[in-house]
Number of protein chains: 2
Amino acid sequence: MLAEAASPLGIETVVLAERPDDAACPPAGAVVLGSPTSATDLAALAARADAVTFDHEQVGLAEVAALEAAGHAVRPGAATLELAVDKARCRERLAAAEIPVPAFVVLKSPGLSPAERLGALESFADEHGWPLVLKAARGGYDGKGVWFVAGPGEAQAVAEEVASTGVDLVVEERVAIEAELAVLVCRRPGGEAVVWPTVETTQSGGVCRELLVPSRIDPAVLASASEVARRVAEKARAVGVLAVELFVNGGRVLVNELAARPHNSGHWTIEGSVTSQFENHLRAVLDLPLGDTSLNAPAVATVNVFGGSDAGDPRARVGGALAVEGAHVHLYGKVPRPGRKLGHVTVTGHDSDGVRARAWAAARALGTPEAEGTGARAGEDSGVDP
Amino acid sequence: MLAEAASPLGIETVVLAERPDDAACPPAGAVVLGSPTSATDLAALAARADAVTFDHEQVGLAEVAALEAAGHAVRPGAATLELAVDKARCRERLAAAEIPVPAFVVLKSPGLSPAERLGALESFADEHGWPLVLKAARGGYDGKGVWFVAGPGEAQAVAEEVASTGVDLVVEERVAIEAELAVLVCRRPGGEAVVWPTVETTQSGGVCRELLVPSRIDPAVLASASEVARRVAEKARAVGVLAVELFVNGGRVLVNELAARPHNSGHWTIEGSVTSQFENHLRAVLDLPLGDTSLNAPAVATVNVFGGSDAGDPRARVGGALAVEGAHVHLYGKVPRPGRKLGHVTVTGHDSDGVRARAWAAARALGTPEAEGTGARAGEDSGVDP
């Protein structure tokens, strides 16, 4: 989607991909076959580019830092990427900058004995109560690498398993989540930044099911989320899009995770905002003026399309979705599997209820199963985990 | 741009192109190298497609008709394409269907002597007065193949030149053009059709410089244009987008030209309408439900980007255009030459004057020279020829 946004601006793209059938290859002007963790392959890419950027985080941080050190314009840089890649560094740096985050402690992988780890878990639970949330600092996504543990036995088992992989463990308080928000910030190298309106997200089973803009929750909370996200982008010295995911708890916002790239929580911007996250990311990375982030309509809803239990192909069902008024269908060309994210649908319109209903109707027409907990309104406990 | 609109809908595209460096190739899923006037190449394309459509009119009508006869879904079909390709057949068929067109007569290329041709020209001028407008029935575009002739000597010279190429000549009254309009209709094979709001176009030197939606002229005239265009699409049995270009003269509309494909006069729909002309064309061609053609904003302006006298590359100037609030820049990747159309800029907003000013500012920043006659308002004689 970045390459598609580049073409009308006359920006040429070269993509580093591991396979020629990677979905990023066809829209790109040229392809370098290789690995994003190989210094050689990254250098081959950088040699052909005025600026290097990312559409995922499965990159070698040391190798990216080496590119920067060699004088290439790497945007965002390795210091920003690390906050998106490593949950432990992210929590520590944000807390040090007095950004609100859930209470946490980091248990380093080497250096602690099992008894010391158990002691640290129990001591944290003494202060914050059970259950706790345990997160592997690296490698998790879409709910994977996150555990809710009810007591010390369960906690220790997870902690030892994670430690055995050499990855640090983040231990967190279990926050009662009243709502989940996402704020997309886009920042140029010199610090100029724009922010899109705060997005209300609905998660189920650890994956995002639905986005709604503007959110229906207290405007003061939304403004606070927006302000916190701006500060995060500044502290992270982000360049390009930084997606900041937040929890709402007792009228305060707490930063959960960061993505230092265009993000699923910003897919609504393609039709819903004057400038899409993809175009502004490119503009920022090339240090061009940033575009207007206003809404194109009073309400915008995006519902993700997942494979249903029949593993049917949503492409064969697109007519049903297009029969829904104003439905913008985006299929990603992936092989359908039950539960796999295969695309999204965006609807713009006059009111939240209307756009949500239409976006869901189109997503269901494409085979998306109804999600438990979707439709939960702010103020209800969604029963959904981070 | 059709291939780009196809991808998110899960529609696979195969493009027939004469050269692998054709701008249509990179976004397409597959390429058949060949000519759109070769029966063999068209058959090779059709063999790989559920439906065949067009993004230009330089096709072999007989070869396209043969594809249809062989049972392929060719949309639009040869009978519709002929109206866009042949100005003589277009005028005759529209007049027969009582669609308002300028007064005209067709002079067949073989079969008339020079004296008979001169007699026909003088007889037409006796009724409609000099000057006359002469048009080669085929092969013209962007003002080429169109002549304004002040008297019989000039007229005869042009008529003989056109006759010598074997092409019919359309002789027309010189209409005082108060405004020029374009209406985009999109029609499914079964007859279901949608119409976008009528576009006011500004021409200079035979090429379109600017589009404005909604038009500032009398709403009754706009409604009449829309109604006429619907009838044209029905009579033409169009499938996909049909762009109908009209003159306004004395409160009436007259059909000038047709394009049976997504057209420059519809580029504003990418950002300005809920559904773009490209997406609705694909939906129609595959007989899928058509999308909403409402405006995304109260006013939309598109200004075409032309090469300036310095032949500078607009890509090097994109920063200046992006500094204009809300400017959507579309560059076509062509080699810059003075006067060559290199792209367009669209701006959406609250009022006509504001969006026009911003779109022009961005187009000028990209190197577009100021156009004589642009900025002319409805009711003024634009001084511009069809």
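Student: In what order do the four strands of the open sheet in chain A come?

Tutor: In this predicted model, the order is β3-β6-β4-β5 (chain A), with antiparallel pairing. Strands here are DSSP runs of E with at least two residues, and helices are runs of H or I with at least four, numbered from the N terminus. Two strands pair if DSSP finds at least two bridges between them.

Student: Which are the edge strands?

Tutor: β3 (104-107) and β5 (146-149) of chain A, and each pairs on one side only. On average, neighbouring strands of the sheet are turned by 20 degrees against each other, direction ignored. Axes are lines fitted to C-alpha atoms, for helices over the stretch in contact, and angles between N-to-C directions run from 0 to 180 degrees.

Student: How many bridges join β3(A) to β6?

Tutor: Four, and β6 (residues 169-173) of chain A runs antiparallel to β3(A). A:Val105 has A:Val171 in β6(A) as its bridge partner.

Student: Which strands does helix α7 of chain A lie across?

Tutor: Helix α7 (residues 152-164) lies across β4 (132-136), β5 and β6 of chain A, at about 155 degrees to β5(A). Contact means heavy atoms within 4.5 Å.

Student: New topic: what rotation superposes chain B on chain A?

Tutor: A rotation of 180 degrees with 0.0 Å of shift along its axis, giving an RMSD of 0.0 Å. That is the relation of a two-fold axis. The superposition is by least squares on C-alpha atoms of residues with pLDDT of at least 70 in both copies.

Student: Which C-alpha of chain B is nearest the axis?

Tutor: That of B:Pro27, 2.8 Å from the axis. Both copies use the same surface, as 100% of the contact residues of chain B recur in chain A.

Student: And what are the scores?

Tutor: The model has ipTM 0.88 and pTM 0.91. Chain A averages a pLDDT of 92, with 95% of the residues scoring at least 70; pLDDT is the predictor's confidence in each residue, from 0 to 100.

Student: Where does pLDDT stay under 50 in chain A?

Tutor: Over residues 373-386, for which the model has 34 contacts beyond four places in sequence. Where pLDDT is low, the predicted coordinates should not be read in detail.

Technical notes:
Residues are numbered from 1 along each chain as its sequence is written. Chains are lettered from A and ligands numbered from 1 in the order in which they are written. This is a predicted model: local features need pLDDT of at least 70, side-chain atom pairs count only at pLDDT 80 or more; totals for chains, interfaces and linings use all residues. Side-chain values use heavy atoms; hydrogens and water are left out.
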